[in-house]
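Here is a short report for someone meeting this structure for the first time. It starts with single positions and then widens to the whole chain.

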Amino acid sequence: MAGSSRAVRSIKNVQIALFFYVVNLILQFFSRKIFLNYLGAEILGLNSTAQNLIGFLNLAELGIGSAIAFTLYKPIYQRDIQSINEIVTIQGWFYRKVAGIIIIAACTLMYFFPMIFAKTQLSLWYAYSSFIVLLISALLSYYVNYKQIVLVADQKEYKVTLCVQGGKVLKVILQIIAILFLANGYLFWLAIELLMSFVIAYFLNLTIRKEYPWLVISIVEGKRLNKKYPQIIKKTKQLFIHQISAFALSQTSPLIIFAYTSLTLVAIYGNYMLIISGILLLVKSLFRGMSAGIGSLVAEANKNKIKSFYWECVAVHFWTASVLCFGLFMLTRSFIILWIGEEYVLSQSSLYLLLIYTFLVITRASDYFISAYGLFQDVWAALVEAILNIGCSIFFGFYWGLNGIILGVVLSLFLIIFCWKPYFLFKYGFRESIKEYILKCVKYMLLIALSFIFSYYSYHYFFSIEVNHFIWWIIKMCLCMGIYIVISIPLFLLFDLNLRHFFSRIILFFRRKK
């Protein structure tokens, strides 16, 4: 019954997340084009830089949320209401302290804005107003929204998605209308951003109160209760370094690009990253709903079931990464030209590096199981990843510009995420040799290479469409993705038992649902 319940909730999380993924992705592309056309690349680049700076300040979160989620898996599985209340109380107490640190750090950072944005021709009020609005939105997570962690750990993330992503859809639509029809559109964009942050927070907390009426938080008790759960501090200390590494991966590249070049190139790079982020969000929407289920599975401590599901996850992540990367390879350039113009196209070499980056991020299936086991003690690896990421990006960027910056990110991902993390999971989680993983990776890479080659030449031999309109681009997309799926699925199913098991599990679930 537990396994069935996990599957039902995981599927529901995925269905809701996918719906909002599609809606938000369409809106993001549309709104970015309008932003560029009506406000310009420099304001867009400044807005992106402000978001990166907020990401830097969020490092003060220290990884508390992940430590809390890990600590909640067992009491939620056992329906221990008292422990759940105590753990979330500790989170609230910690988050108040974090919010104070972020406010102090933000005020200090704003003092240096004249130097940080010295190269821009825009008035500094753009930087200050953008940063303050985004800061207030971020602070709501620490003062108000933190209790959503219970919904996430209880595999009810779809309720969070309905509130947060539903509010985001409304927000983006209102922001588009403001830019199109109102004078001083960016001021209204900021006002809507701020207002909707409060609206989303209100409805999210209303949902939490209805779902868990017994969830009662007393912030003043946090200090006392903290001593009762020493593992939270232990895991938080370990996760803080991992937070730094995650920031280095996701937030520093635009800052380094800005340091070497201009806000305009930040915006051009941001266009590509919007596409890639959309792809990564799709994968996150597909698989994140399983993370709490994996935590529950690990809590059962049935190693055979854990390993079996792990191999299914690895197989489907590699196959999914190959499908999406082939689509990016075949379709990105023509999409950028149709979307915002040829002047925003990056070189093919930059695209190839971004494809490698995308593939490495999508295939990190081991992360779900590392989190479920609470294996965060490899802090040195996170430090090395951050140092490699930032150091190599700065060094290579000096010689090779944008390509060098992306190469630094790719190198850190390959060494730590692709190589070290699976080894770490096998040694300390499964307590087995990594040899089986290496052999499977080699097999998957060979299957992907064959699928790429056959699909590429099949498309160009039979079709090779000239794309000069979005309708033709959609036709090309359907053909490219269809050819790759038709070629890759039989290859994977023929040579890989794990993907067969995964597809069988999905088919069986929907048959039972009927």
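## A position in H8

Ile179 lies in helix H8. Helices (H or I, at least four residues) and strands (E, at least two) are DSSP runs, numbered from the N terminus. Ile179 is buried, at a relative accessible area of 8%. Buried means under 20% relative accessible area, exposed over 50%, and partly exposed in between (1.4 Å probe, protein chains only).

Ile179 touches Ile34, Phe35, Tyr38, Leu39, Gly185 and Trp189, leaving aside residues up to four places away in sequence. Contact here means heavy atoms within 4.5 Å. Ser31 is 148 residues from Ile179 along the chain, yet their C-alpha atoms are separated by 9.2 Å.

## About the model

This is a predicted model: local features need pLDDT of at least 70, side-chain atom pairs count only at pLDDT 80 or more, and totals for chains, interfaces and linings use all residues. Residues are numbered from 1 along each chain as its sequence is written, and side-chain values use heavy atoms, with hydrogens and water left out.

## The chain as a whole

The protein chain has 21 helices and 0 strands. Of its 514 residues, 55% count as buried. Take the contacts with a separation of 6 or more: residues 24 or more positions apart account for 84% of them.

The accessible surface of the protein chain comes to about 23,300 Å². Carbon and sulfur atoms hold 68% of that surface. Such areas come from the Shrake-Rupley method with a 1.4 Å probe; for residues, only the protein chains shown count as cover.

Asn271 sits in helix H13 (residues 263-287). Asn271 is buried, with a relative accessible area of 0%. Its contacts are Arg32, Leu36, Leu44, Ile336, Trp339, Ile340 and Tyr344, not counting residues up to four places away in sequence. Lys33 is 238 residues from Asn271 along the chain, and their C-alpha atoms are separated by 9.5 Å.

Thr358 belongs to helix H16 (residues 348-362). Thr358 is buried too, with a relative accessible area of 0%. Beyond residues up to four places away in sequence, Thr358 touches Ile276, Ile279, Leu280, Cys325 and Leu328.

## The nonpolar core

The largest nonpolar core has 159 residues. Such a core is a set of buried Ala, Val, Leu, Ile, Met, Phe, Trp, Tyr and Cys residues joined through side-chain atoms within 4.5 Å. Which residues have the most contacts inside it? They are Leu72, Phe131, Tyr310, Phe318, Tyr357, Phe369 and Tyr437. H15 gives the most to this core, with 21 residues.

Tyr310 touches Ser366, Phe369, Leu425, Phe426, Phe430 and Tyr437, again not counting residues up to four places away in sequence.

## Where H15 meets H17

Two packed helices are described by the angle between their axes and the distance between the axes. H15 and helix H17 (residues 366-373) pack at an angle of about 145°, with their axes 9 Å apart. Axes are lines fitted to C-alpha atoms, for helices over the stretch in contact, and angles run from 0 to 180 degrees between N-to-C directions.

From H15 come Ile306, Phe309, Tyr310, Cys313 and His317. From H17 come Ser366, Tyr368, Phe369 and Tyr373. By class, this contact has 7 nonpolar, 2 polar and no charged residues.

## Salt bridges

Side chains of opposite charge can pair when their charged atoms come close. The whole structure holds 7 salt bridges. Each is a side-chain nitrogen of Lys or Arg within 4 Å of a carboxyl oxygen of Asp or Glu. One joins Glu193 and Lys171, with the closest N and O atoms 3.2 Å apart. This pair links distant parts of the chain: Glu193 in helix H9 (residues 185-211) and Lys171 in helix H8 (residues 157-181), 22 residues apart. Glu193 is buried at 10%, and Lys171 is buried at 14%.

Glu432 and Lys307 form another salt bridge (2.6 Å, N to O). Glu432 is in the loop between helix H18 (379-430) and helix H19 (435-462), while Lys307 is in helix H15 (residues 303-339), 125 residues apart.

Notes. Nonpolar A, V, L, I, M, F, W, Y, C, P; charged D, E, K, R; others polar.
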